[in-house]
Structure formats: C-alpha cells, structure tokens
Amino acid sequence: MAHISFDASRLDKFVQSNELAEMQAMVNAADSQLRQGTGAGNDFRGFLDLPVNYDKAEFARIKKAAAKIKSDSEIFIAIGIGGSYLGAKAAIDFLNNTFYNMLPADQREFPQVIFAGNSISSSYLTDLVNLIGDRDFSINVISKSGTTTEPSIAFRVLKDKLIKKYGKDAAKGRIYATTDRAKGALKTESDAEGYDEYVVPDDIGGRFSVLTAVGLLPIAVAGGDIDQLMQGAADARAEYNDTDVTKNDAYKYAALRNILYRKGYTTELLENYEPTLQYFSEWWKQLMGESEGKDQKGIYPSSANFSTDLHSLGQYIQEGRRNLMETVVNVEKPNSDIDIPTDAQNLDGLGYLEGHTMDFVNKKAYQGVVLAHTDGGVPVMTVNIPDQTAYTLGYMIYFFEMAVSISGYLNGINPFNQPGVEAYKRNMFALLGKPGFEELGKELNERL
Ligand SMILES: O=P(O)(O)OC[C@H]1O[C@H](O)[C@H](O)[C@@H](O)[C@@H]1O
C-alpha cells in the first residue's frame, strides 16, 4: 500500500478511459530507458538507488556536523542556488513550525537557518550581514560545479565576515563545503583551506540532489530527521518499481500529465493548502521545468498557494485560457488544527461553522475548488499525503523524481541535462568582462 496516494478520479471529463492503457507501451519504453540506462542523460540516474546506497559514513558525519553547528551557532547560512538551495529550503519549511526562524531562541532547538547565494541582490545580502550582526554563525557553501556566480559572491562576502569575527583559522572550522568530489573552484579552495567537505555525487544532478549532503546537512541542522527522510524515499523506491501504470502511481501521474499536455493543457500548477508547502512547489518547479523544458517542448511548471491565491489567480484558473492542469498536494492531517470559536452574537455570520475545525473548512475549500475548476475545464489531479513528517517528505520527493524522469522520456527529451541554463551565464560573463569572453562582450555591448 503506497504511503501517498495519487487521485486522478476527476479526469474522466478530460481523459478517455482507454487513453492511459494506450500509454503503457510508451511507459515501458521510458521505464527501460530509465532503469537500463539506454536513454539520454543516463549518467545522471544516481538518484534511483540513492535512498539505499548513500554514503553511510558521510551521513554520520553530517549528523555530527549538524550537532556541532547547533552547539556553536545562533545562525546557520546555507549558500546555494537552484538544486543547491531549493530542496533544503523546501524540506525545512515543510518539516518545521511555520515561524521556525522567528521563534525566540529559548523555543528553538536549532539555529536560525537562512539561505543566501540564491540571487545577486545586494540589498538581500546586506540585510543578511546586518541580521547576523555579531552573533555566532556558520556557513554551508553548496555548489556542485563550485563555480556558480551567485553562491560564489555570497560566500566571498560572508566568509569575509566570518574571518573578521573569528580570525582566519577559527573561521575555517565554521565553513562546511558541499561540492564535487574531485574538481571545481570550491573543491580546490576547500582542500587548500581544510573546510569540512561533503560530496555532491557525479551521477546526481542538482535538481535531484536534495537527498544528498546538499539537502541533508541544512535539513539536519534545522532539526529534520534525515534517517526518516531517507527511509521514506527508500520505501517509495520499493513501491514505484512496477512498469504497470495502473499499479505505479508515479508512472500513472507521468502518463496522465503527458496525455493532458498533448491535448493542449501545457501548463501545470502545483498547488497546496498549507503555506509551509510553498517552497516545495519552488523545488518542484525546478525539478519539472529544468527536466522537461527542452526542444521547444515541455509542460510549463507553475504553482499556486491556496486558499490564498484563489483570491488572486482564481479568476484566471476558473475562466482564463484553457491550457491549465492542476496537481494538488493535499495534506490529509495538518500538523495542528483549531476549533472555530463559538460566538453567541454571530455578527460575522460564521455561526454555521461552530463545532467544526479550521482544517474542516480548508478541506471543504479544496473540495469546492476541485469541483469548480473541473466544471470550468481544468483537469485536476491530487497527490494525497498523510502528514508533514520527514518520512512522508522523502517518499514524496522520490515520487516526483521518478515521475519527471518517466515524463521526460515520454516526451522524447533528456530529463537529466540543462544546457539552456548556460546561455544567460555566457552573456552575463561577457558583459561583466570575464576573461575569455571578450569577443562576445563586444558583440553584446553593441546590442545594448
Ligand atoms: O550546484 P551548482 O553547481 O552551483 O548549480 C546550481 C544550479 O545552477 C545551475 O545553473 C543549474 O541550473 C541547476 O541545475 C543547479 O542546481
């Protein structure tokens, strides 16, 4: 019995009863590409077995480092962008109190966890430097390539602050570097300076790396149960290993979203009814968009946070262009609930809700939205998750990683590379005058 359940029961208005079965042959082919390694990007399939073959010695070191960081730092800064940021942020938000960073120190069992290096905003970094002030802090600089501009700039600025506070030698003991096993600028510096090092495996791409040290160290520092996280992913791995789309929900989701895509539903919104899942959607957007957006093809990944965005995007979803599909991540049991208070005056007219809880209202909103959007011509799928535990998160991460891999192969693209990301970097380097980009710099400056 799967720990999370995928509900496509509302698609009968959009997908004919025979269509899923007709995808089986294509799913078999995609499955073979994925598991036999016969498809494009086959050298980035390490995520498949990661939940069972991860480096146990490094895993133990991660736990030890997290304990040290908790003991000597009020603030923990995770520096990274893309896959080196979004997974950790999504997991920490998913697993913790909504206001975990704002809780008074005596109510927090771990440091404030703040992310940097995920933009080039000088205001953000200045505000962060000022927020740190003279408090004790540690840095985890995370970059698979070791050369990404955004985290590199943030690391230079925050390392400088660390050295000014502790001196060069003591500062090194507060820098944790997660990067390539053998190469890249960050690896070179880490070796030279003696930073505590963790590895981003060669065969795992950035957007698939949340269950490596990339995500595990920040998640552990923020109090996450990384053993349960890996266990959930391991059990999902055991669950989603059947090629039969009627038995493998990850494959069924992949097949259905491709059926809908081919019918013109070219944008998918991942939706939640819990604000702590907002960044899970951000992680999902990179996973789906960077895996599938190739060769002028692919489902555009978007997101919405309900019921909040029903008051901003609801109009479009209900009556705008009919090229949308929705996938709701529905948390069956919230971390906590609230009884609707009684009020004899009932001036607000909420008397009919008395005796119910707030989550009862949230769930009725979800049901009402599914009916309204389906009636309005938007196909809606739901991934039901029982709770917001680390086990469930690991399980769900693996569900979507499997789904996007199959989905990408179903659409005839390599789900594991990201060549398009290099275009802006080349232009940016040229305009910045980076050595080696002189010719392009000249050409681009004439166009500005
Ligand atoms: O971890 P890094 O090498 O710094 O890469 C960080 C991110 O930037 C790259 O440009 C890619 O878009 C992402 O797949 C990657 O996660």
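So, the ligand shell, sorted by class: three nonpolar, eight polar and three charged residues. That's 14 residues around the ligand, and the closest are Gly82, Gly83, Ser145, Thr148 and Gly206. Keep in mind that this is a predicted model.

Okay, the annotated positions. Which residues carry the "active site" label in UniProt? According to that record, which is an unreviewed entry, Glu290 and Lys425. Let's take Glu290 to begin with. You'll find Glu290 in helix H13, residues 278–292. Buried or exposed, then, for Glu290? Buried: there are 23 other C-beta atoms within 10 Å, and the cut-off for that label is 20 or more. If you skip the neighbours within four places in sequence, Glu290 has contacts with Arg207 and Gln418.

Lys425 sits in helix H17, residues 421–432. Here the count is 14 C-beta neighbours inside 10 Å, so Lys425 comes out as partly exposed.

On to the sheets. One of them is an open sheet of five strands, ordered S3-S2-S4-S5-S6, and its pairing is parallel. Why do S3 and S6 each have a side without a neighbour in the sheet? Because strand S3 (112–116) and strand S6 (196–200) are at the edges, each with a single partner strand. From one strand to the next, the twist averages 20°. If you want to look at one pair closely, S5 and S6 run parallel over five bridges, and Thr179 is opposite Val199 in S6. Helix H9 packs on this sheet and touches strand S4 (137–143), S5 and S6, with its direction at about 140° to that of S5.

While we're around H9: the loop between strand S5 (175–180) and helix H9 (185–193) holds Ala182. Ala182 has 9 C-beta neighbours inside 10 Å, so it counts as exposed. From Ala182 to Ile204 you move 22 residues along the chain, and the C-alpha atoms are separated by 15 Å.

Now the other sheet on my list. This open sheet also has five strands, in the order S1-S10-S9-S7-S8, and here the pairing is mixed. At its edges are strand S1 (5–7) and strand S8 (300–305), each pairing on one side only. Ignoring direction, neighbouring strands are turned by 20° against each other on average. Within it, strand S7 (residues 267–272) and S8 pair in the parallel sense, over six bridges. Leu270 has Ser303 in S8 as its bridge partner. And what lies across S1, S7, strand S9 (324–331) and strand S10 (380–385)? That's helix H12, residues 249–262, running at about 25° to S1.

Two more spots before I stop. Helix H6, residues 122–132, is hardly covered: of its 11 residues, the buried count is one. Just after H6 comes Gly133, with a positive phi of about 55°.

And then Ser32, which is in helix H2, residues 24–36. With 14 other C-beta atoms within 10 Å, Ser32 is partly exposed.

Technical notes
Residues are numbered from 1 along each chain as its sequence is written. This is a predicted model: local features need pLDDT of at least 70, side-chain atom pairs count only at pLDDT 80 or more; totals for chains, interfaces and linings use all residues. UniProt positions are given in the numbering used here, feature names are shortened, and annotations may be inferred rather than shown by experiment. Helices (H or I, at least four residues) and strands (E, at least two) are DSSP runs, numbered from the N terminus. A residue is buried if 20 or more other C-beta atoms lie within 10 Å of its own, exposed if 12 or fewer, and partly exposed in between; C-beta atoms are placed from the backbone. Two residues are in contact if their C-beta atoms, placed from the backbone, lie within 7 Å. A residue is near a molecule or strand if its C-beta atom, placed from the backbone, lies within 6 Å of it. Ala, Val, Leu, Ile, Met, Phe, Trp, Tyr, Cys and Pro count as nonpolar, Asp, Glu, Lys and Arg as charged, and the others, Gly among them, as polar. Two strands pair if DSSP finds at least two bridges between them. Axes are lines fitted to C-alpha atoms, for helices over the stretch in contact, and angles run from 0 to 180 degrees between N-to-C directions.
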